[in-house]
Amino acid sequence: MALSKPSFLGLDLSTQQIKAVLLSEDAGIIHEAAVHFDRDLPHHGTTNGAIKGPDAGEVTSPVEMWLEAIDLLFQRLKDNEVDFASIAAISGAGQQHGSIYWSNDAEDCLSNLDPARTLAEQLFPTAFSFTRAPIWQDSSTSEDCKNLEEKIGGAQQLADCSGSRAYERFTGNQIIRRIQPDSYNSTSRISLVSSFVPSVFLGRVAPIEISDASGMNLMDVLTCKWDERLLEICGGPDLRNKLGPEPVAGGTVLGNVSDWWVKRWGFQPSCLVAPFTGDNPATVVALSAPGDALLSLGTSTTFLLSIPPSTTPPKRFTTSHLLSHPTDPEGKIAMLCYKNGALAREQIRDRFADGDWVIFNKLVDQTPPGCNGSFGFYFPLPEIIPPNVVGEYFFSTNLVKTTVKPPFVVEGLPDSVHPRAIMESQFLSIKSRITAILPENSPPLQRLVISGGSSANPTIRQLAADIFGMDVYVSATKEAAALGGALLAKYAWWKHAGKGESFEEMTGGEAMGVKCVAKPHNDNRQIYANLLEAYDSCEEQVIKIWTSGNA
């Protein structure tokens, strides 16, 4: 039955809560709802949605809690008079890397749900071989990571294939840790968080989606197919069957909602279920188009770049991630993560600007771009890029027009220079790596969408525009992952209805709800472009100094 006013439901099962965004056909937000795990389901004993232990580094979440949260979320939607019959399609996002282990009884449980009973009552514990799901905060697999890299030929070899070197949180390494004959044999399928939720809607275990599969160390990131060597190392000959079919692209129609959703909540039997993706790729879908970038300036710093399809694939590195794009298997997403984000900036503010952002901004504005040839590196926490480095390091160069002479180490910088120096070093680190990752002759990047606490600072906005050479935008939404899920639901419906093929055709190439807040100054943009070589030279020296001091 064709719906006169179809709507599209996006869910986001994150670490601390599950959120829902209901979107109209013209991309207006109809309704939002959420269930907070600690507050709304306290009997599970989680802290920030997770449970630590019992083993060192082990962090899990109760699968039963997630099922109860889905039940409660839909009750809240019903209480707010959401018209489930108007929902034409469902998709969403999940926290990346987390894994769920289905029992041999799972398919039978999923396909025979009684509409008079809740999901949690019927699926838990019978449908699962492990009652808790290891999540992205888990760091218990260090030895498994070393083993994987050794067997595949090294960290760079693994990054070239899967898009990333081995990380403790990545699902392949989590699977290795859980291979115990009895429990592994009693596991029929393994899902990511992003494929667990659509399984509940379909009434059968859903395939894994290509972009979220990029965070497993199991898929070839260029072909979007499972890599046989990695499967064998991480799970032996049975792992391919446990993972299910090859990963699927976003916007694919997986099927319709099961009868349970029709009879219990009043969904139409024609309501489509599309693949869910990871929370980061879903945010990319919501807030950017190919050639755009996202910069999250929170406690940590995360940079996501949507790379359009190219005949030359992006380069892969051991300090960055490359993901398949959820709506275009030929497109990619480059991802950079840094520990020393807001914490490092706030420490500099407190030491040199009396703890006042107004003074911090004035000092930035008073210092010329390039800090008169000075560089500062600030790592209060062991950094990810460059790996493990801690401390502060300072350099000076002699600038003659646009020619940069080799930098040399200095004891420190003038107090007034530190605020601009930390912002420049944090942003130049990202810019340097973008240049290395992008294929040659890539078109110019378009927009930079910034988020996080520091994104409200006008001085930081302008610095980002000048250093990256891009117009800077901010988003009006705080629920970007769920919004991206709703857009993926609409995309599946739109393609299924024969309205078009590409996601950009559906959206017109425009990101939702963003506004421009800063434009680059051409003179400053050129200064920063000419500083990249000097920055790279300084960073190389930082790594040498750190390594020699910790040999």
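The second largest cavity in this predicted model has a volume of about 110 Å³. A cavity here is a set of points, on a 1 Å grid over the protein atoms alone, where a 1.4 Å probe fits but cannot get out, and its volume is the space filled by probe spheres set on the points, which are joined across faces, edges and corners. It is lined by 17 residues, with V285, S288, A289, F503 and E504 closest to its centre; a lining residue has an atom within 4 Å of a point. Two elements, α14 (279-287) and α20 (503-507), each give two or more residues to this lining. Elements are DSSP runs numbered from the N terminus, with helices (H or I) of at least four residues and strands (E) of at least two. By class, the lining splits into nine nonpolar, six polar and two charged residues, where Ala, Val, Leu, Ile, Met, Phe, Trp, Tyr, Cys and Pro count as nonpolar, Asp, Glu, Lys and Arg as charged, and the others, Gly among them, as polar.

As for the largest cavity, the volume comes out at about 140 Å³. Y338, N340, F379, S425 and Q426 sit closest to its centre, out of 17 lining residues. Helix α17 gives the most to this lining, five residues.

Now for the cores. The largest nonpolar core has 58 residues, and L295, F303, F375, F377, F427, L448 and F468 touch the most other members. Such a core is a set of buried Ala, Val, Leu, Ile, Met, Phe, Trp, Tyr and Cys residues joined through side-chain atoms within 4.5 Å, buried being under 20% relative accessible area with a 1.4 Å probe and protein chains only. Once again α17 turns up, with the largest share of this core at eight residues. Leaving aside neighbours within four places in sequence, F377 is in contact (heavy atoms within 4.5 Å) with residues including S425, Y535, C538 and V542.

Strand β2 (residues 17-24) is largely enclosed by the rest of the structure, because seven of its eight residues are buried. Seven bridges join β2 to β1 (residues 7-13) in an antiparallel arrangement; strands pair if DSSP finds at least two bridges between them. L13 has I18 as its bridge partner, and three residues separate the two strands of this hairpin. With β3 (residues 29-36), β2 again pairs antiparallel over seven bridges, Q17 being partnered by H36. Four residues lie between β2 and β3 in their hairpin, where A27 in the turn has a positive phi of about 70°.

Residues are numbered from 1 along each chain as its sequence is written, and side-chain values use heavy atoms, leaving out hydrogens and water. Local features need pLDDT of at least 70 and side-chain atom pairs count only at pLDDT 80 or more, while totals for chains, interfaces and linings use all residues.

Definitions and conventions. On a 1 Å grid over the protein atoms alone, a cavity is a set of points where a 1.4 Å probe fits but cannot get out, and a pocket is an open set with protein on both sides within 12 Å along at least five of seven lines; lining residues have an atom within 4 Å of a point. Buried means under 20% relative accessible area, exposed over 50%, partly exposed in between (1.4 Å probe, protein chains only).
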